Amino acid sequence: MAGLELRQVKKSFGSVDVIHGVDLDIEDGEFTVFVGPSGCGKSTLLRLVAGLEATTSGTLSIGGQDVTDVEPADRGVAMVFQSYALYPHMTVEENMGFGLKMTGHPAAEIKERVSGASAILHLDPLLQRKPKALSGGQRQRVAIGRAIVRQPEVFLFDEPLSNLDAELRVQMRLEIAKLHKELGATMIYVTHDQVEAMTLADKIVVLRAGIIEQTGSPLTLYDDPDNSFVAGFIGSPRMNFLPATVVGSSGETLTVRLDDLDAIEVPMTIRSTHPKPGAQLELGIRPEHFDPAGSVQVSMPIDVIENLGGSSFAYSRSDMEQPLTIELRDNREAREGEVLKTGFNPVRAFLFDAQSGLRLR
């Protein structure tokens with residue numbers, strides 16, 4: 001297995017710049033997830049690592065070796081795509097071993113590798129079936145098995161669960177997580193689903209418009225986002241953002257007014273330089289951080305309630321582009337059309353510059 005280093009990697013298609021000077025280190029054995037909205041460049045970056053796209057500039061190393069101009073087959077990587085891409089006329093065993101057969105591996109070695117991968121993925125009862133006789137989850141396991149038999153230094157996954165239903169996605173997430181622990185392999189995984197990112201990753205790389213916004217562990221990005229984009233992308237339901245106006249400061253305390261919430265004032269601990277009174281900011285508060293016992297008390301009308309059994313969410317200001325979302329926890333007495341009285345503690349909130357989106361710390 002091996003780690004990766006990307007240094008000032010850029011990719012352009014004609015005059016359109018898609019990847020803008022990415023610097024990234026991925027440790028040996030690390031499970032790294034590229035996450036971001038559609039069109040952010042995450043799949044393009046993965047294809048650059050695989051060698052399926054040539055870099056416009058910059059260098060890419062795997063296991064300490066510069067592979068920037070090395071052919072895909074010689075990079076020591078194996079890729080699992082969103083599409084299973086199985087040969088319909090071949091059995092599971094033949095599909096898994098076909099790549100090795102094409103590269104001239106002895107039949108005995110192919111059988112041994114296929115057997116090992118099949119045992120890891122619990123495919124033994126399915127080896128003689130053809131793809132049409134498999135479920136979507138089984139087909140994806142075969143595609144992963146085809147990658148395992150190559151014994152690559154790096155596994156690359158390009159949204160491998162997108163074609164599966166919700167229940168199968170949960171099951172396959174668990175299987176991929178167990179596979180990573182069993183193999184100890186370096187894995188890079190692309191998804192637009194932040195739940196997949198949070199549950200699978202050792203490290204998350206959040207991308208927007210071909211630029212890395214922030215990297216870190218799932219909990220680091222959740223607890224300590226650098227900007228409003230990362231704060232809003234990581235966490236489900238997404239963070240609430242409320243317009244805030246600076247009204248004053250004293251020492252490390254910056255006081256802001258929330259005009260959309262009855263002009264209540266919120267004291268925030270900010271150690272950096274404080275903006276002047278009248279400056280426009282955004283206050284971010286996660287739905288799960290509303291607490292009736294919070295020091296800042298708020299009241300808001302409930303438009304819609306989603307009861308999910310174990311948890312419930314109330315939505316206020318549903319006529320706006322971004323409704324305010326509040327987790328109700330054990331409050332089963334709340335009703336649509338009523339006014340909900342709750343609160344939050346400023347220590348659980350975040351402040352962001354309204355223009356740049358950068359966080360005030």
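Q: Is R113 buried or exposed?
A: In this predicted model, where local features need pLDDT of at least 70, side-chain atom pairs count only at pLDDT 80 or more, and totals for chains, interfaces and linings use all residues, R113 is buried, with a relative accessible area of 16%. Buried means under 20% relative accessible area, exposed over 50%, and partly exposed in between, with a 1.4 Å probe and protein chains only. Residues are numbered from 1 along each chain as its sequence is written, and side-chain values use heavy atoms, with hydrogens and water left out.

Q: Which residue does R113 form a salt bridge with?
A: The partner is E109, and the closest N and O atoms are 2.6 Å apart; a salt bridge here is a side-chain nitrogen of Lys or Arg within 4 Å of a carboxyl oxygen of Asp or Glu. Because R113 and E109 are four residues apart in helix α3 (residues 107-121), about one helical turn separates them. Helices (H or I, at least four residues) and strands (E, at least two) are DSSP runs, numbered from the N terminus. E109 itself counts as partly exposed, at 28% relative accessibility.

Q: And what about E175 and R141, how do their side chains meet?
A: They meet in a salt bridge of 3.7 Å, N to O. This pair links distant parts of the chain, with E175 in helix α5 (residues 166-183) and R141 in helix α4 (residues 136-148), 34 residues apart. R141 is buried, its relative accessible area being 10%.

Q: How many salt bridges does the count come to?
A: The count comes to 14 salt bridges. Among them is the one between E213 and R208, whose closest N and O atoms are 3.0 Å apart, and D224, D226, R359 and R361 are linked in a network of salt bridges.

Q: Switching to sheets, what is the strand order in the open sheet of six strands?
A: The order is β13-β12-β11-β14-β20-β21, with antiparallel pairing, where two strands pair if DSSP finds at least two bridges between them. The edge strands, each pairing on one side only, are β13 (264-269) and β21 (359-360). Strand β12 (residues 253-258) pairs with β13 in the antiparallel sense over six bridges, and L258 stands opposite I264 in β13.

Q: Last one, where is S312 placed?
A: S312 lies in strand β17 (residues 312-316) and counts as buried, at 8% relative accessibility.
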